[in-house]
Amino acid sequence: MSKENKKIIKEATIATTEQITRSYFFKECFSGMGAMALGSMLQGCDWLGNKDSFNNFTNTNPLMARAPHFIGKAKSVIYLHMAGAPSQLELFDFKPDLLKLDGQDCPQSLLEGKKFAFIRGVPKMLGPQAVFKQRGQSGAWISDNLPHLATVADEISFLKAVQTDQFNHGPAQLLMHTGSPRLGRPSIGSWVTYGLGSENSNLPGFVVLTSGGNNPDAGKSVWGNGFLPSVYQGVQCRNEGDPVLFLKDPAGIDRDMRKASIDAINEANQLTYNEFKDPEIVARMAQYEMAFKMQISVPDVMNINDEPAYIHEMYGTQPGKASFANNVLLARKLVEKGVRFVQLFDWGWDSHGTDLSNAVDIGLINKCRSVDKPITALLLDLKQRGLLDETLVVWGGEFGRTPMQENRDGKTLPFKGRDHHTEAFTTWMAGGGIKQGSSFGETDEIGYSAISGKVTAYDMQATILNQLGFDHEKLTYNSQGRPFRLTDVQGRVINEIIA
Amino acid sequence: MDSLINLVGHFHPLLVHLPIGILLFAILIHWLSKKEKYTSFEKIVPFTYLIGALSAILTCISGLALSTSGEYDEKILFYHQWLGILVAVLSIAGVFFTKKKKEKFLQWVSISLLIVIILTGHFGGTLTHGAGYLTKGGIASKIVKVKPSITNAQEAVLYTDIIQPIVEEKCYGCHSQIKQKGKLRLDGKEWILKGGEDGIIIHNGNALKSELYKRIILDPLDEKHMPPKGKPQITEKERVLLEWWINSGGYFDKKVKELAQPATLIPILASLQNNSTKPSIMEDVPTKEIKIANQNSLNGLTKLGVTILNVAANSNYLTANFFNVIKTNDTIDNLLKTVSANIVWLKMPGMNFTSSLANSISFCDSLTKLSIEHSSITDIQLNNFQKLIRLHYLNLVGTKITLKGLIQLKGLHNINELYIGQTSITNKDSLIIQKTFPKAKINFGNYHTENLPSDTVILKEPLKK
């Protein structure tokens, strides 16, 4: 045997003995124990200042109903997002002075150092393309574009000076819903479901409904779970025909057999989970269970056909047709059954003026007509069912629109339209412990910039969480070694609109 | 020269850690060196004391420079300064005695040095962080300072009752007895009128000219913005109040009612009165403490499909909903009784009521919200609920309840929300119902939206004006 081989054999022997000898065993034990002890000591040290954090994920039943931090006024949220960004200047932010400037060149002072998505050079100012009146006892300005909503003005709290720092749809929508303009953060509905679970064990806690012919520009990430376990992602329903497919068991398979097969699959999954502890396996198991339960609960809840005629008349719904109205009625049915967060996206509010369908004086009005009656009906219907106090309704877009007429590439467009605008826009909230008939925030005489009561997406998120009973600074989840929260390092509860 | 002193002073918070660390280390190795195992340490004891002494001297010099800024409480500064100098002196003594090998003296020096370092450090901490900083977040924070409550905002003295608490909460940290950043104190009329190093801070009658107010409304990222970045900021409400106080003359003794009040101020003043912002939430859940509910009963109900849980993490009161239970049985009814004292909100839409269930509910004497819309409840079963005197929300939408049945509950004075849409009761009866439930907002439902011709028209061109 060569010297070389001897050496190799010796090394191998040492390696094997190391693994079986007593001293090696003890050595391993000590470092292992040390690591464990250090871990628990650090935990006790509260080294991340994270004592009050709210780690809610349980691997046995991730969707179990849970109590919030404190007593919240709202039990559920219906968030109506007008994707594309509706023009505040044609709906809620009345600027008579802008009318006087209509057709004049935009002053240089408003353009210096500013960047717009499409406006180039010097655009012309564009006066309000709608007739405004003060409504209700609160005297809120609402244009004739929303004649129905005008009748319920006294239920609503307007936020007139919302600001964002994103002027493209995708990032701005992500900011509005996930607290970050970049991909990867959980959406507000996911945070809420993570915090509260599902009040009705037979339905998901977070449902998403879309209308207007397209999904929002930011894609499904606006209702994604980000780094939260995927069991908390929004469940998107189909927007036409049956909201959920394949509810019937296949021929020859009865309910017991279906249950037995799901149990068997989940047992196998449980074994894998025990081995790898991957929360995504729990998510998968929970989703199998949920799908099984939804076979029973969904046909009842998600079927608007059986609603009485006066309800259809009130909402302007036509069962079977894809419409925002149908989604709104469905949203009411879902919150009535304990769904915590219903997210509606209606696409087509991007009023640039490049064609008829997005002209502020044509297409925008058509969009308004498709949502005005259903939204009004929703507020009234929730009210007469005794649910408005515990259902927070939020309405808004991802940014606002410029007081200037869009001049894409420096050319005059065939229709009247407005460009994306980040500095001031209007959103509103109603119900869920929000003041009735109030308004917060002001913009300057032409609606270009906010002058008081400025709020951001973070502030809206903090307020929504507050109404549900959460301290937005304490609803956290540990990811990549640090606790994250929806409002990042920002957010202020807008107490001015809380009743 | 001043700016040089300033610069040197700014190094104090940095340098201060050197003598603490080095001298403590010197003491440690000095003591250890007496053990046989560590005798070799003896050789470096003099050196560590020397380095410690040098750093202590530098720290003293920079500390003296910093103290000229005049931003600190004089009494605490006095102690900190002289104890700090004592540290330097003792450490020089340490160097001296180690060189001379006077072991006995050295022992006393090291013990007193240890004590003096701790004391100096503590006073230094008090200077920068304020008194009581050690226990902040611990024992001290639990003693919540009760804000004086205002019962009638009009009768309140504007400065003492409204403005001072704001200034105390947001400004005293750096501008009061303990610290006077920018040579400014705000904890007294005379100090406020005197102003800070840049002169007076209040121009009575003009907030926008008053430094105190100007700093608040500056861009939060501006270096001069107050309170500084990271500190609790002045809220919008507080800002409006401060602005009004200065604009109306900056009086220290006038009552609110003596001053002209712009319309925007009325709601803000009203909100100052006795927690008037959150009464409805308080009503939803009793303030009385209650014992935790029987866990076995809760588990039992959960297993049977009832969602029952605490209303909030900090409350033992319960909310229960029966979305997935359309008919109860004896087990559920009995379990419900065992947790009845804790239940405050009960949701049973569409429930097939039995008299046994109605009976169980009648034991829930904490109940404030009862939703039994679209259920099969009858007038006779409803009669059970006479005992639910805390009830303030009752939802009977779409039930068979009649006016006679509803009137049975006339003892429930606390009801302030009553939903009776889609029942045989109509608003013809509103007078008698209002008389029976004087506090109640009665909702008869039957809302509708108008049918406007424009609803279904799709525009192809702009509307004619």
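Two residues are in contact here if their C-beta atoms, placed from the backbone, lie within 7 Å. With that cut-off in hand, chain B of this predicted model can be described by the reach of its contacts: among those between residues at least 6 apart in sequence, 62% join residues at least 24 apart. For chain A, residues 24 or more positions apart account for 76% of the contacts with a separation of 6 or more.

Chain A has 499 residues, of which 54% count as buried, and its secondary structure consists of twelve helices and 17 strands. In chain B, which has 465 residues, buried residues make up 32%, and the secondary structure comes to 19 helices and seven strands.

Before going into detail, it is worth looking at the confidence of the prediction. The model as a whole scores ipTM 0.84 and pTM 0.70, while chain B has a mean pLDDT of 86, with 94% of its residues reaching 70 or more. Two stretches of chain B call for caution: residues 138-146, where the pLDDT is below 50 and the model shows three contacts beyond near neighbours in sequence, and residues 275-282, where the pLDDT is likewise below 50 and there are seven such contacts. Where pLDDT is low, the predicted coordinates should not be read in detail.

The chains meet at an interface in which 36 residues of chain B are in contact with 38 residues of chain A. On the chain B side, the elements that give two or more residues are α13 (279-284), β1 (307-310) and β6 (417-419). By class, this side of chain B has 14 nonpolar, 15 polar and seven charged residues.

In soluble globular proteins, nonpolar side chains tend to be buried together. The largest nonpolar core in this model has 126 residues, and the members that touch the most others are A:Val77, A:Val342 and A:Val393. Helix α11 of chain A, residues 363-384, gives the most to this core, with ten residues. A second, separate core of 52 residues includes B:Leu301, B:Val306, B:Ile308 and B:Leu336.

B:Leu301 also takes part in a helix pair of chain B, as one of the residues of α14(B) that meet α15(B). Two packed helices are described by the angle between their axes and the distance between the axes. For α14 (residues 295-303) and α15 (residues 330-338) of chain B, the axes come within 9 Å and cross at roughly 145°, and the crossing is left-handed. From α14(B), the residues B:Ser297, B:Gly300 and B:Leu301 meet B:Ile332, B:Leu335 and B:Thr338 of α15(B), so that, by class, the contact has three nonpolar, three polar and no charged residues.

Why does B:Asn152 count as exposed? The cut-off for an exposed residue is 12 or fewer other C-beta atoms within 10 Å of its own, and B:Asn152 is exposed because it has 12. Its C-alpha atom is separated by 9.8 Å from that of B:Val256, a residue 104 residues apart from B:Asn152 along the chain.

Conventions: Residues numbered from 1 in each chain as written. Chains lettered and ligands numbered in written order. Predicted model: local features only at pLDDT ≥ 70, side-chain atom pairs only at ≥ 80, totals over all residues. Helix = DSSP H or I, 4+ residues; strand = E, 2+ residues; numbered from the N terminus. Buried ≥ 20, exposed ≤ 12 C-beta atoms within 10 Å, placed from the backbone. Axes fitted to C-alpha atoms, helices over the stretch in contact; angles between N-to-C directions. Left-handed = near helix turned anticlockwise from the far one by under 90°. pLDDT = per-residue confidence, 0-100. Core = buried A, V, L, I, M, F, W, Y, C linked by C-beta atoms within 7 Å.
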